Amino acid sequence: MYEKVMIGEQIIDGRKHTYYLLEKNLTYGIEIAAEDYEKYICSQVYFTENKMFANQLCNKICQGTVTVIGLEDVIDDIVA
């Protein structure tokens, strides 16, 4: 089981993207969910045990309008 807190929403190319901070077994991550032509797509990435870092990064990702497709690449670049 995991906890999920909504951080924000953005409209990108006419589609609503919702950004969540995730917590599972004291590991934190980000989920982006998007409505895409009558279907629902999402991506989850767990990447840290530091909740403050995960929260700050989730806010930046939301403000930067990262999409579902780019989430893993953006996080890989930041935490690498």
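Reply: Two terms before we start: strands count as paired if DSSP finds at least two bridges between them. The elements are DSSP runs numbered from the N terminus, with helices being H or I over at least four residues and strands being E over at least two. This is a predicted model, where local features need pLDDT of at least 70 and side-chain atom pairs count only at pLDDT 80 or more, while totals for chains, interfaces and linings use all residues. Residues are numbered from 1 along each chain as its sequence is written, and side-chain values use heavy atoms, with hydrogens and water left out.

Me: What does the pLDDT average for the protein?

Reply: The average is 92, and 100% of the residues score at least 70. pLDDT is the predictor's confidence in each residue, on a scale from 0 to 100.

Me: How many bridges join E1 to E2?

Reply: 9, in an antiparallel run. Glutamine 10 sits opposite histidine 17 in E2, and lysine 4 has leucine 22 as its bridge partner there. The two strands make a hairpin with 2 residues between them, and aspartate 13 in the turn has a positive phi of about 50°.

Me: And E2 with E3, how many bridges there?

Reply: E2 (residues 15-24) and E3 (residues 27-36) pair antiparallel over 8 bridges. Leucine 21 faces isoleucine 30 in E3, and glutamate 23 stands opposite tyrosine 28. This hairpin also has 2 residues between the strands, with asparagine 25 at a positive phi near 50°.

Me: How many E2 residues are buried?

Reply: 7 of its 10, so that strand is mostly covered. Buried means under 20% relative accessible area, exposed over 50%, and partly exposed in between, using a 1.4 Å probe and protein chains only.

Me: What about serine 43, buried or exposed?

Reply: Serine 43 is buried, at 11% relative accessible area. This residue is in strand E4. Leaving aside neighbours within four places in sequence, serine 43 contacts Ile30, Glu31, Ile32, Val68, Leu71 and Glu72, where contact means heavy atoms within 4.5 Å.

Me: Last one: what does glutamate 9 touch?

Reply: Not counting residues up to four places away in sequence, glutamate 9 touches Lys16, His17, Thr18, Tyr19 and Cys62. Glutamate 9 is in E1 and counts as partly exposed at 42% relative accessibility. From glutamate 9 to isoleucine 32, C-alpha to C-alpha, is 9.3 Å in space and 23 residues in sequence.
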